[in-house]
Amino acid sequence: MTDGRTAALPESDRILIVDFGSQVTQLIARRIREAGVYCEIHPCHKVDASLLASFAPKGIILSGGPASVTLEEAPRADPAIFAQELPVLGICYGQQLMCRQLGGTVEPSTHQEFGRAFVDVTDDCALFDGPWRRGGREQVWMSHGDRVEALPPGFRVVGRSDGAPFAAIADDARRFYGVQFHPEVVHTPHGADLLTRFALTVAGCHGDWTMAAFREAEIKRIRAQVGDGRVICGLSGGVDSSVAAVLIHEAIGSQLNCIFVDHGLLRAGEAEAVGRLFRGRFNMPLVMRDASGLFLERLAGVTDPEEKRKIIGGTFIDVFEEEAEKLGGAGFLAQGTLYPDVIESVSSFGGPSATIKSHHNVGGLPERMSLTLVEPLRELFKDEVRVLGRELGLPQEMVGRHPFPGPGLAIRVPGEISSEKLEILRQADAIYLEEIRKAGLYDAIWQAFAVLLPVRTVGVMGDARTYDYVCALRAVTSTDGMTAESYPFDHAFLDATATRIINKVRGINRVVYDVTSKPPGTIEWE
């Protein structure tokens, strides 16, 4: 991060992760935080002596990356990283880069390794403990075309694989370590042990970073940033904006005003639930604007999914601005930005891709409204936001809810939207989720929802012929939403749910279940 927030970091030990572009760098941070140690990911081109001084890490991890260290244009590590007398762990590309910059040799390998491999632990070192002991053999996940051919002075081999004679290396005197494999992924079953050992034993971190400590530090930071100013927050009722709003309210009380825009594309009872929770339980200033008529008017006749999104985003901004102007005097805008949004918005190497992502819940508001952002969740992953929500007293049904898209049911009604279709879908969706909860399956599923297809089919109900809509049910398991598999409901559950939907929801006479994985499909239908 480069927004000056390092001045308000938690008062705990921290690890710096230098990102060289690996697709799994975020997993390194997840494993370190699971060990109770605060960490941040910074792109390699941003890490220099100045950042090291301001961040003050107790250890540094060099991530993997897609480049070859043998190429002249490949990203390098700032020499200051190796001059701090701090422990360093290089992973895959990070190991190769460390070896090359410290005097070793890296060459393209004729024995490349991609996927599962086995490392023989040939010697002990400070990085190894538990299952990682001399004479042991550990399953790991490899992904490399180059490999180390000669070690820099001071290093020794502590692990080998068939394709990597220097699969694990150690310089205990300088506390420099390197592994050719990826310990952060689940395919290296005991890889988290290595990362924990590096953070707690090699780097000497205390493992005392907790969500309670984060809450306390963030409240202080919000108060320092806002002072006696006023903050407005676009409250969607989702996990991120809800947790952000409650945290900010705890910090500054009535200086926060929340605006909830009901675009008419919510699930059954959601607007009422938001009002009860935030006005009632948390006693927060909350403006609730029912703009469903305006949204449906602008969406009339529109069938293209991207056009729907643009209309919804633009209309949301218009309505939000109207309500914000009525309140007047705000100098800050609260957003539920999460750490993956921050990481993904900045290229590891700089260049054209280093731009901030747009977020579906605010859709460009900062540029239009010239407000200073307050983003209290921008150092947290999604699962950590849920933990913080529980810490703040939000009910489980709120913090544990499935993801819900910003455009709402608009992208679950393929084709043209109407109030009739939305009401049919709300009823079917409510029954589906109720059946999932009754079966005790809600928390085992990443996301579940119903889709109303733009297809009518012939049916028979009683002695009458029907010509009604098809309802598709979708439920997936996932860890991060990047990949997903359909949930394996038993047939009895699907049969009972379909029967109830058809019997209770007028306008649906056929129910189907979507078994498509992601990829090749997406989780949502539009």
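Buried means under 20% relative accessible area. Keep that cut-off in hand for this tour of a predicted model.

**The whole chain**

Start with everything on display. The protein chain has 15 helices and 18 strands. Its radius of gyration is 26 Å, close to the 24 Å that the globule rule gives for 526 residues, so the chain is as compact as a globular protein of that length. Along the principal axes, the C-alpha atoms fill a box of roughly 85 × 60 × 40 Å. Of the 526 residues, 56% count as buried. Now think about contacts with a separation of 6 or more: 75% of them join residues 24 or more positions apart.

**Confidence**

Colour by pLDDT. The mean for the protein chain is 88, and 91% of the residues reach 70 or more. Select residues 1-8, where pLDDT stays under 50. The model gives this stretch 16 contacts beyond four places in sequence. Then select residues 350-364, where the pLDDT is also below 50. Beyond near neighbours in sequence, this second stretch has 24 contacts in the model.

**Helix α3**

Go to residues 93-101, helix α3. The helix is mostly covered, with seven of its nine residues buried. Show them: Y93, G94, Q95, Q96, L97, M98 and C99. Past the helix comes G103, with a positive phi near 110°.

**E138**

Next, select E138. It sits in strand β6, residues 137-150. Is E138 buried or exposed? At 7% relative accessibility, below the 20% cut-off, E138 counts as buried. Which residues does E138 touch, leaving out those up to four places away in sequence? They are A117, F118, V119, P131, W132 and H190. Zoom in on H190: its side chain and that of E138 are joined by a polar contact of 2.8 Å.

**H182**

Move to the loop between β9 (176-179) and α4 (191-202), and pick H182. This residue counts as buried, because its relative accessibility is 5%. Its side chain makes a polar contact of 2.9 Å with the side chain of E184. Leave aside neighbours within four places in sequence, and the contacts of H182 are S22, V24, G64, I91, C92, W141, S143 and T188.

**Aromatic pairs**

Show the rings. The structure holds 12 aromatic pairs. Take W209 and F214, an edge-to-face pair. Their centres are 6.3 Å apart, with 85° between the planes. Both W209 and F214 are buried. Now compare F489 and F493. Why does this pair count as stacked? The ring centres are 4.4 Å apart and the planes lie at 15°, so the angle is under the 30 degrees that marks a stacked pair. F489 and F493 are buried as well.

**Charges over rings**

Two arginines close the tour. Select R412 with F449: the charged end of R412 sits over the ring, 4.0 Å from its centre. Then select R456 with Y469. Here R456 lies over the face of Y469, at 4.3 Å from the ring centre.

Note on methods
Residues are numbered from 1 along each chain as its sequence is written. This is a predicted model: local features need pLDDT of at least 70, side-chain atom pairs count only at pLDDT 80 or more; totals for chains, interfaces and linings use all residues. Side-chain values use heavy atoms; hydrogens and water are left out. pLDDT is the predictor's confidence in each residue, from 0 to 100. Contact means heavy atoms within 4.5 Å. Helices (H or I, at least four residues) and strands (E, at least two) are DSSP runs, numbered from the N terminus. Buried means under 20% relative accessible area, exposed over 50%, partly exposed in between (1.4 Å probe, protein chains only). A polar contact is a pair of N or O atoms within 3.5 Å; within protein, one must be able to donate a hydrogen and the other to accept it, and residues adjacent in sequence count only if both atoms are side-chain atoms. Rings of Phe, Tyr and Trp (its six-membered ring) pair if their centres lie within 6.5 Å; planes under 30 degrees apart count as stacked, over 60 as edge-to-face and the rest as tilted. A charge sits over a ring if NZ of Lys or CZ of Arg is within 6 Å of the ring centre and within 35 degrees of the ring normal. The radius of gyration is taken over C-alpha atoms; the globule rule is 2.2 Å times the number of residues to the power 0.38.
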